[in-house]
Amino acid sequence: MIPSPATAVVLRIAGADHAIGAGTLLRVGRGSEVDLHLTHPRVSRQHLTIEGTDRGCVITDSGSRYGTFVDGTPLHGALEVTSSVHLTLGTGGPEVDLIVSGQQTGRRSARLDAVGAALILGRDPGCDLTLEDPLVSRRHVRLTREQQGIRAEDVGSTNGIHHRGVRTSTVLLSPGEDLTVGRHTLRVHQDSIEVESDPGVPDFVVESVSYTLPNGKNLLQDISFALPGGSVLAVVGPSGAGKSTLLGALTGSQPATSGRVRYGGRDLYLHLDHLRHRIGVVPQDDVVHSQLTVRQALTFAAELRFPEDMAAAERTTRVDAVLAELGLTDHAGTQVSRLSGGQRKRTSVALELLTEPSLLFLDEPTSGLDPGRDKQLMETVRDLADGGRTVCIITHSTDNLDLCDRVLFLAPGGRTAYFGEPAALLDHFGVTKYADAFQLTESRPEEMAERFRAARHASDRVFPPAHPQVTSTPAPTDADHAAAPVPTRSIGRQLGTLMRRHLRVLLADRIYLAFLLLMPALVALLALVVPGDQGLAAAAPDAPPSTQPAQILVIVVLGAVFIGLSMGIRELVSERAVFVRERSVGLSATAYLLAKICVLSTLAILQSIILVVVLLAVREGPESAVLLGSAGLELTIAVAGCSIASMGVGLCLSALVRNAAQFMPIVVVLVMAQLVLSGGLFPVAGRAALEVAALIAPARWGFAAAASTVDLNAITPREPDGLWDHDPGTWLLSVLMMDVLAAVFCVLCWLRLKAPYRMR
């Protein structure tokens, strides 16, 4: 990487120039404690801070009474400045020119000379300005000059355009305003636009972040630190110190109740819809399907995350680049389940690197790894940061902290016990072992937090100067919006990708697939155990009617219930971590659930065909159909309907349970309940409580449809049931009720999938 030339920042006021170097903090105001003193009634005692960076500077209004205006636009909080701007301190106050000079990489401009002049920007080389960015569509935005400014219109892009952190379809921009397109910032001037790509790794600043529960309990208390771009931060501390809560606050998945998080001068919570594409999160649980190969997992992820107009060859090129960067090229064809723990974790990291995030969070990446692989993974993290990313690791391991640039040590209650270089951590606590530091913070959290506050004021070595502290509550955020952003692809495209991935996962797990196909045949063969020769037909003229038909139907319907439940109830909970992460980067919950329904319903129909074919091969079938002319077809529809409705029950429960260990007892209870409510074991009709409960039991309606086809009321010495009548209306009612139950349970599942999940 060739470094860009140095950027010079000069503040010019009243003919005098004041140079601002990278790392320099210039305080402007009317008070005696500032660096640049301005005597004017519209200037507050502490009005403004200007901090130099390698790209320009970050300007922050210090809560001034009359405000600060940037090119006529009010400044709210902090703003990163990479090109020259005009400042006004207070309405009618001093005029200040902030001059940013020096050539910077990734900066281009185009003119719109006359009213009506237009430009198209996008990834396609045929656009007026080409933006090489995987988050930019081929034709992304149209800019048109109008009398009042320049109008930006989204021309059907995937990731949209953002103005002041909010996605919009069209906006009129005044001179000095910015528009964000992918990783590019468009600065509007009077008759031109200036396009700047993301030229580096911005600073990450956390200011007085706290998280308080409604009952008043503090999970985080006044966490503040400044992290330079391209560095590695390790967040450590005992259990209950708030590490997971801090991760949610820093990534925007669980915003802090007060304080501010800024990335590149932008407020994370206000600009989350845009910044989420610059942030990669690797959860503690693997977010890849273990049945897929590494290349397959990355390829499907690329299809879901990249714009749908990106060609397959472009996606393949990006996948190859990520595999090479993480040393996974030789393992591209290896099934994820056969990788070592460190390789699986690198595969999860590779998923995040597809979209080239500049800020990467890893939650317990070394958990379960031996010391050797722990070090290898930490060395990989170090390489990622050296390659131009900021990396934050939540960890319990202290073996390789020397590979990090900073350590944030949290005490129970979410207090900062230490922030600084790893080499100074043990001296700060006055111990020789990390275990002793953990014991101190756990037994005396308030004392350790107070020791840090004292050290912070006494030594910049312990806590480098950060941006001015803020204590205001961040702007209100929509939790559901934060958890479920605008999908990156249409629901139809996502549905196709998800269905192909699900089928690939099924085909890769040959033992499970064989079990699914053999299970209906085994259920049908159980009909041979039922004594007698009547089957599902009327008894022979010389033999009295028996209860064998009802007993066979009980086996068949309970088999259908078990098939549907077992498929549905394991499906969502087993890949919860995958779904939660993919939803946070644009996966549609609707497409996700529809893909599951389509694949599993197809499989249920195939299993129902096998079950009925084998059953009719070993037992006598019904003598006549009710409606469709084929009793075998009607039985297949009854079995498939019962199985699909049970699958809906299973999916709904799978979305609710916390882990896979919980679903087996639930399956047993539900199958037993279906047996009781089916009406095949003993009469349900006429018993009010059971009849009401049976209304929502798929087995009740599946048994009724099958009983209607075989005319159970006529061929067995059982108490008659009105739902078993051999007529089209009765049969159709049972089939319709199974469809209704399937739809209701799938809608309930969909509502749960759309609600936020708390993974830890």
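Helix H16 and helix H19 pack against each other through a set of residues in contact, meaning heavy atoms within 4.5 Å. From H16, Ala631, Glu634, Leu635, Ala638, Cys642, Ala645, Ser646 and Val649 meet Pro698, Ala699, Gly702, Ala705, Ala706, Thr709 and Val710 of H19. The model is predicted: local features need pLDDT of at least 70, side-chain atom pairs count only at pLDDT 80 or more, and totals for chains, interfaces and linings use all residues. Residues are numbered from 1 along each chain as its sequence is written, and side-chain values use heavy atoms, with hydrogens and water left out.

**The H16 and H19 pair**

- The contact residues divide into eleven nonpolar, three polar and one charged. Here Ala, Val, Leu, Ile, Met, Phe, Trp, Tyr, Cys and Pro count as nonpolar, Asp, Glu, Lys and Arg as charged, and the others, Gly among them, as polar.
- H16 spans residues 631-656 and H19 spans residues 698-710. Helices (H or I, at least four residues) and strands (E, at least two) are DSSP runs, numbered from the N terminus.
- The two axes come within 9 Å and cross at roughly 180°. Axes are lines fitted to C-alpha atoms, for helices over the stretch in contact, and angles run from 0 to 180 degrees between N-to-C directions.
- H16 and H19 are therefore roughly antiparallel to each other, a label for angles over 145 degrees.

**The six-stranded sheet**

- Six strands form an open sheet with mixed pairing, in the order S28-S29-S30-S25-S31-S32. Two strands pair if DSSP finds at least two bridges between them.
- Strands S28 (279-282) and S32 (415-420) stand at the edges with a single partner strand each, so one side of each has no neighbour in the sheet.
- From one strand to the next, the twist averages 15°.
- S25 runs parallel to S30 (residues 390-394), joined by four bridges. Val232 has Val391 as its bridge partner in S30.
- S25 also runs parallel to S31 (residues 406-411), again with four bridges. In S31, Leu233 is partnered by Arg406, and Ala234 by Val407.

**Buried elements around this sheet**

- Five of the five residues of S25 (residues 232-236) are buried, so the strand is largely enclosed by the rest of the structure. Buried means under 20% relative accessible area (1.4 Å probe, protein chains only).
- Both faces of S25 are covered, with Val232, Ala234 and Val236 buried on one side and Leu233 and Val235 on the other.
- Helix H1 (residues 243-251) is also largely enclosed, because eight of its nine residues are buried. Among them are Lys243, Leu246 and Leu250.
- H1 lies across S25, S28, S29, S30 and S31, at about 160° to S29.
- Just after H1, Gly252 takes a positive phi of about 85°.
- Helix H5 (residues 341-353) lies across S28 and S29, at about 160° to S28.

**The five-stranded sheet**

- Another open sheet has five strands in the order S4-S3-S5-S6-S9, with mixed pairing.
- Its edge strands are S4 (36-37) and S9 (78-81), which each pair on one side only.
- S3 (residues 25-29) runs parallel to S4, joined by two bridges. Val28 stands opposite Leu36 in S4.

**Nonpolar cores**

- A nonpolar core is a set of buried Ala, Val, Leu, Ile, Met, Phe, Trp, Tyr and Cys residues joined through side-chain atoms within 4.5 Å.
- The largest core has 83 residues, and those touching the most other members include Met567, Phe703 and Leu753. Helix H15 (residues 589-618) gives the largest share, 14 residues.
- A second, separate core of 54 residues includes Phe300, Ala301, Val391 and Ala417.

Notes. Parallel < 35°, antiparallel > 145°, perpendicular 65-115°, else oblique. Buried < 20%, exposed > 50% of the residue type's maximum accessible area, 1.4 Å probe, protein only.
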